[in-house]
Amino acid sequence: MTMETTRAGTTVAPASRALDVIGGDLTERSLRRYLEGIPGVDAVGLEARAAALGTRSIKTTSKAWALDTIIRLTDLTTLEGADTPGKVRSLVAKAMVPDPDDMSTPRVAAVCVYGDMVPHAVEALGSAHDDGAPGRINVAAVATAFPSGRASRSVKLSDTSDAVAAGADEIDMVIDRGAFLSGRYGQVFDEIVAVKEACKRPDGTYAHLKVILETGELNTYDNVRRASWLGILAGGDFIKTSTGKVTPAATLPVTLSMLEVVRDWHRLTGEKIGVKPAGGIRASKDAIKYLVTVAETVGEEWLQPDLFRFGASSLLNDVLLQRQKLTSGRYSGPAYVTID
Amino acid sequence: MSRLAVPKTYKLYVGGKFIRSESGRVYEVATTKGSFSVSSVNAAKASRKDARDAVVAARAAVSGWSGTTGYNRGQVLYRIAEILDGRRAQFAEEIAAFEGVSVSTATAQVDEAIDLWVWYAGWADKYVQVAGNGNAVSGPFFNLSVPEPTGVVAVIAPQGAGVPGSLLGFVRAVAPVLVSGNTAVVIPSERAPLAALSLGEVFATSDVPAGVVNILSGSPAEIAPWLAAHADVNALDLLGAGELEWVDLQIAAADTLKRVLPPEQGPDAGAPSLDRITFFTETKTVWHTKGLL
């Protein structure tokens, strides 16, 4: 208890968003008071709303548009211990030309790899990675001891700055769920601020920071909402549901609750934050439900790569099969897409 | 006081589960004789999306079913005969009521179907020896050709309620497909689908893995074109498609290089033969060096 009270007065990093919203006296105590003052989530209502949004019927031309949009919003991902430079090169090849039989297929938004694979991804992308290139593909790197986040601050920061130095455009960081669940919000907050600073490039620009909440470990919708606020206040450009290594990963209700925070933040400050559901989205049909949810919650303007992404690996193949079905009029099969 | 009849809901059999059509549709199948407990029943009417789901289920079952040994597949097919034998009376009653034949004729059809399962079960660990070959080549190599299952086979079972009968026709079409390790999506007789749908219950209780046989009652004219054009179907058995525009089906199937068996008519349609087994196989040839001492 004494420790709690001592720490409560500790000041936390003076992130500008938090200063604006919470006020000048930015301490562990004021941060906690703010986060715990956020109204709770009506879980039943949230799930019912998500289920209702999932019943929309999207057909023909709307479906074709939705499928292309899903591809454009995809972070094509490989995050395996067994990843090799060759695997990353074939991932990049698929990112650039998702369907060699149909060159009208759009490119994905980014490839998402572990930090040490960033140089291989950058090299394989070549001119497709240049600023202003048509159909530019970003390189996203997971950092901060992904997926557990269990490492010292210095390791997490050098993990991040290494990836940025190697050419990563986007950093997917994990929050310290242990600290969050024990109520040490200030520690989580400071860490995000520090990682954001580590995203700074020599020319003064920043790599985009996606904050992974790992909602599967946060247990309640209230925690998801609180963590979303925390991630945004600390300076995250995107809030992302999961690492994909924990079940449950992205679900529609969880994503909906995060979108609601983003909507509220936009109303409060006029600033647009991105959302990235990741993990467990394997079917086009599910992905379309996410598009509907985004359009109905924050608006259609969010359906662009700067503000919404899917973190997925097998989703792309299913979208390609659906695309082939729309083009040819017959059902396609797994033999007509690559084995990743 | 007479007891209320409890009519059975005849549902599709897809992926080892008895499901209603995703479309919610049913169609009426009327008895031709008054001996059955009700005068007509509703059978599920499959849609193209049911066909799509059935192909997914069949594809998922290919590796497991084709991966079992021929001996093991034979045991499972024999088990079908055993379970079917235990339910002869039920099948005879359904066939008699819905095909308009006498109970003794119906029983004879059931018996023939049972015997046919046993006959095809025997082939499961033998057809490779007959259809495969050790080829003579001019060089120090063993050169072996072996038949392997082609994958997912779409089957249109004989449609007439008469010869060879709804149950026997179904078994004649499906059994040879299964012998080598293929999985099947089958459209049974539209007019008399009940024996086939009840046979689904036999599959479900006789060690046949889920998805190996999928049964879609309904209109072949509606579903068959989707199966014929489906890129994930490897072969098409048009045995009972004589009344359809089957040349169109053949053309649709050619787009994705499917093997296609043409329709047959009359009492000998789909008569048991080794050719029906080997038609749904692909030949794999292996070269291997002979050891030099």
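Predicted model: local features only at pLDDT ≥ 70, side-chain atom pairs only at ≥ 80, totals over all residues.
Local features are given only where pLDDT is at least 70 and side-chain atom pairs only at pLDDT 80 or more, while totals for chains, interfaces and linings use all residues. Residues are numbered from 1 along each chain as its sequence is written, chains are lettered from A in the order in which they are written, and side-chain values use heavy atoms, with hydrogens and water left out.

**View 1. Chain A as a whole.** Chain A holds 14 helices and eight strands, where helices (H or I, at least four residues) and strands (E, at least two) are DSSP runs numbered from the N terminus. Its radius of gyration is 20 Å, close to the 20 Å that the globule rule gives for 340 residues, so chain A is as compact as a globular protein of that length; the radius is taken over C-alpha atoms, and the rule is 2.2 Å times the number of residues to the power 0.38. Of the 340 residues, 54% count as buried, a word that stands for under 20% relative accessible area, with exposed meaning over 50% and partly exposed the range in between (1.4 Å probe, protein chains only).

**View 2. An edge-to-face pair in chain A.** The rings of A:Tyr290 and A:Phe310 have their centres 6.0 Å apart and their planes at 85°, so the pair is edge-to-face; rings of Phe, Tyr and Trp (its six-membered ring) pair if their centres lie within 6.5 Å, with planes under 30 degrees apart counted as stacked, over 60 as edge-to-face and the rest as tilted. Because A:Tyr290 lies in helix 13 (residues 284-297) of chain A and A:Phe310 in strand 8 (residues 310-312) of chain A, the pair ties together parts that are 20 residues apart in sequence. Both A:Tyr290 and A:Phe310 are buried.

**View 3. The largest nonpolar core.** This core has 94 residues, and those with the most contacts inside it include A:Ile70, A:Val111 and A:Phe310; a nonpolar core is a set of buried Ala, Val, Leu, Ile, Met, Phe, Trp, Tyr and Cys residues joined through side-chain atoms within 4.5 Å. Helix 12 (residues 252-269) of chain A gives the most to this core, with eight residues. Leaving aside neighbours within four places in sequence, A:Val111 is in contact (heavy atoms within 4.5 Å) with residues including A:Leu76, A:Leu91, A:Leu125 and A:Ile137. Apart from this core lies another, of 65 residues, among them B:Ala61, B:Ala106, B:Ala113 and B:Val177.

**View 4. A phenylalanine pair in chain B.** The rings of B:Phe279 and B:Phe280 have their centres 5.3 Å apart and their planes at 90°, so this pair is edge-to-face. At 24% relative accessibility B:Phe279 counts as partly exposed, whereas B:Phe280, at 0%, counts as buried.

View 5. In chain A, A:Lys325 lies over the face of A:Tyr331, at 5.2 Å from the ring centre, and in chain B, B:Lys290 lies over the face of B:Phe142, at 5.7 Å from the ring centre; a charge sits over a ring if NZ of Lys or CZ of Arg is within 6 Å of the ring centre and within 35 degrees of the ring normal. Ring pairs also link A:Tyr34, A:Trp229 and A:Trp265 into a cluster.
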